[in-house]
Amino acid sequence: MSNPSPTCHGHGHAHAHAHGHVHAHVHDTTQHDPTPHAHGRHLHAAHGHAQATAPSRPVDAQGQYTCPMHPQIVQVGPGHCPTCGMALEPLLATQDTGPNPELRDMTRRLWIGGALALPVFVLEMGSHLIDLHALLGAQLSHWIQLLLATPVVLWAGAPFFQRAWASVRHRSLNMFTLIALGTGAAWLYSVVAMVAPQLFPANLRTADGAVAVYFEAAAVITVLVLLGQVLELRAREKTSGAIKALLGLAPKTALKVHADGHDESVPVEHIQVGDLLRVRPGEKVPVDGELSEGQGNVDESMVTGEPLPVAKTVGSKVTAGTMNQTGGFVMRAQKVGADTLLAQIVHMVAAAQRSRAPIQRLADQVAGWFVPVVIGVAALTFVAWLAWGPSPAFSHALVTAVAVLIIACPCALGLATPMSIMVGVGKGAQHGVLIRDAEALEKMEAVDTLVVDKTGTLTEGRPRVVQVETASGFDADEVLRRLASVERASEHPLAAAIVAEAQQRQLALSPVSDFDSPVGKGVLGRVDGELVVCGSARFLAEQAIDTSGLAAAADAQRQRAATVIFVAVGGRLAGFVAIADPIKATTPQALYALQAAGVRVVMLTGDGRTTADAVGRELGIDEVVADVLPEDKAAVVQRLQAAGRVVAMAGDGVNDAPALAQATVGLAMGTGTDVAMESAGITLLRGDLMGIVRARTLSRATMRNIRQNLFLSFAYNVAGIPLAAGVLYPLFGWLLSPAVAAAAMALSSVSVIANALRLRGLRLD
């Protein structure tokens, strides 16, 4: 909680209006800049994709799409990244952005593909439990599988083949190359086995001449990969939620005051610099500007994160999106459109989200060499068996080459990360740690610096009476009762805290007469026939009341980060009430655990230096940055990142959104704003810092589990490839059939799933 002049209603936040500083930061990240790292540089999309320049204003970016993994890829309209195959995302989301067409398409393919793949799975796997082939006949069973599996592989899995072909054309082999190879090889082999079984050796044919088919493997792999894509796209769709939530803060219309004095409701986009606008109680400020007449108390928590409304009089600055709680005023527009602070925060969040450089997935790194090696081994196997294999050489060559491709099929590889993530995310949710995507978990493991906002994060974010100090001859409860009686007529959060304390003490409040609330000074009124005055020492001095007798005690409270409100009854100083934003009960324990684990903690706050240092001393935080503006929070994070630190940012307000998006991992308090939660990779639903300790433990365990899964998935495949190629045939006459290859795939998948399920036993508390 901020601690400027200790008035009931006059807590000024002059720092909240230094828009010029924001302006400089935003233009650094949006306008063209020749430096290599500028976001505004010319971006070349590889191999025929459009060349584009990052726009200088949000409106210009509409219609342009970029890859979240490779931000250098920018093109007009949706599509797929030629490097990694991921679906491109809008460069800048708008409030009217509809549902993700890619997600809709993949979901439809998943449901239809799953419905068709299920009977194929039952026919093939069921034959091992009940002899379905004896009931239907092997040939009929295979034809049914062909009819059902073909649309699954060729239609539902079509995007994977398209991306695989793009990866070949762009010489950037990736996971989709493996998926297309595996499913394509299994399906194609099975079709050949159906159409021309005579090409296969006699030992591969059953009594009725049928050859084993692998339609089930092709169909199930396709459906599993589709499921992974749908889960990933759902998580990625939330990244535009922060922008939409920020855009939703701005009002759509404003009351324009014409020269003849009449008011007209106009769209905000029609407002020009210099226009006069009327803002009534309960309305949002439409653009940035300055009061020209009237007064009011404006809730600026969306900018400063502080819960206390700020008194505004003629000449005061106001910011677009902030809420006028009481009073009415006319303001003159000074910054409109993309120049307002809110628009620039939107732009900053978008730029920070795009500027993330996610670490390359381990599976993709290995796939970079694994895919060409597998293709090479399969080709060599085919040639070797064709040249030196026993008769029929072609059949043996085909069987062994397909066995190599099938055993290398990334079924387990595709499950390795999603299974651990699904179990890990579920485990986190049970303990109040909501993970948005795998990227957040991946990066949380490496975090070595925590930047934490004070209000609502370290503290409860709700002002509360912490001390009632009385002058000689006055009773504490009586002072509080009279003060609360007057404050009951006020709508200020501090007044609410005072009334709440009186109600908790079950004090009977009296009616008040002659109530007055001089803006920025305090309140006064008659209670039980005596005048009660409350506010700052300066306000009481104006009423000829000396507060020096309690000055030392008041200073002591301010050193503890409290706001002091003096109270006078009948012209005599009666005492003061100290109001503070209490530290959350779990904060000290969480900070101790993080610091003991080697995490450097930095506290950011918009509060003055005295209040900030008081909180820092109480919590044992050595690094405290006070008087911080919203754009400065992101700048502090950037500075730490430039020094090589892996930074997590914890916050709860709209003002924290740019810093949450800029940080390596954003951590939002679940008790905070929706915008903060949308900007963050991890939301702590319980709203306390122990959630960060849990998230760190969960991240380390999950990433360790993923690495184990990747090892298991590759271990089976890599060990099986030489067996499938027939290296043991010259010595023992052993030849690994595609059926055994498929069994090895299944075994590796079971191992991966079983290992991932071990995360359910992880202890987070």
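Let's begin at Leu689, which sits in the loop between strand E25, residues 682-684, and helix H26. Keep in mind that this is a predicted model. Is Leu689 buried or exposed? With a relative accessible area of 0%, Leu689 is buried, since the cut-off for that label is under 20%. Leaving aside residues up to four places away in sequence, Leu689 touches Val452, Thr457, Leu458, Thr586, Thr587, Ala590, Leu591 and Met669. Take Thr587 from that list: Leu689 and Thr587 are 102 residues apart in sequence, yet their C-alpha atoms are 5.8 Å apart in space.

That brings us to a helix pair. Two packed helices are described by the angle between their axes and the distance between the axes. For H21, residues 587-596, and H26, residues 690-725, the angle is about 35° and the axes are 8 Å apart. Who makes the contact? On the H21 side we have Gln589, Ala590, Ala593 and Leu594, and on the H26 side Met690, Ile692, Val693 and Arg696. Sorted by class, that contact has six nonpolar residues, one polar and one charged.

Now, Ile692 turns up again in the largest nonpolar core. That core has 50 residues, and Leu450, Leu667, Ile682 and Ile692 touch the most other members. H26 supplies the largest share of this core, nine residues. There is also a second, separate core of 38 residues, with Phe200, Phe215, Ala218 and Val402 among them.

Next, please find helix H20, residues 551-559. Which of its residues are buried? They are Ala554, Gln557 and Arg558. Looking down the axis of H20, these buried residues fall within an arc of 100°, so they line one face of the helix. As for partners, the buried residues of H20 pack against strands E15 (464-470), E19 (563-569) and E20 (572-580), and against helix H22 (609-619). After H20 comes Ala561, whose phi is positive, near 70°.

Let me finish by zooming out. The chain has 28 helices and 25 strands, and 55% of its 765 residues count as buried. Among contacts between residues at least 6 apart in sequence, 69% join residues at least 24 apart. The accessible surface comes to about 30900 Å², and 59% of that belongs to carbon and sulfur atoms.

Definitions and conventions. Residues numbered from 1 in each chain as written. Predicted model: local features only at pLDDT ≥ 70, side-chain atom pairs only at ≥ 80, totals over all residues. Heavy atoms only, no water. Buried < 20%, exposed > 50% of the residue type's maximum accessible area, 1.4 Å probe, protein only. Helix = DSSP H or I, 4+ residues; strand = E, 2+ residues; numbered from the N terminus. Arc of directions from axis to C-beta. Contact = heavy atoms within 4.5 Å. Areas by Shrake-Rupley, 256 points an atom, 1.4 Å probe, with all protein chains shown as cover. Axes fitted to C-alpha atoms, helices over the stretch in contact; angles between N-to-C directions. Nonpolar A, V, L, I, M, F, W, Y, C, P; charged D, E, K, R; others polar. Core = buried A, V, L, I, M, F, W, Y, C linked by side-chain atoms within 4.5 Å.
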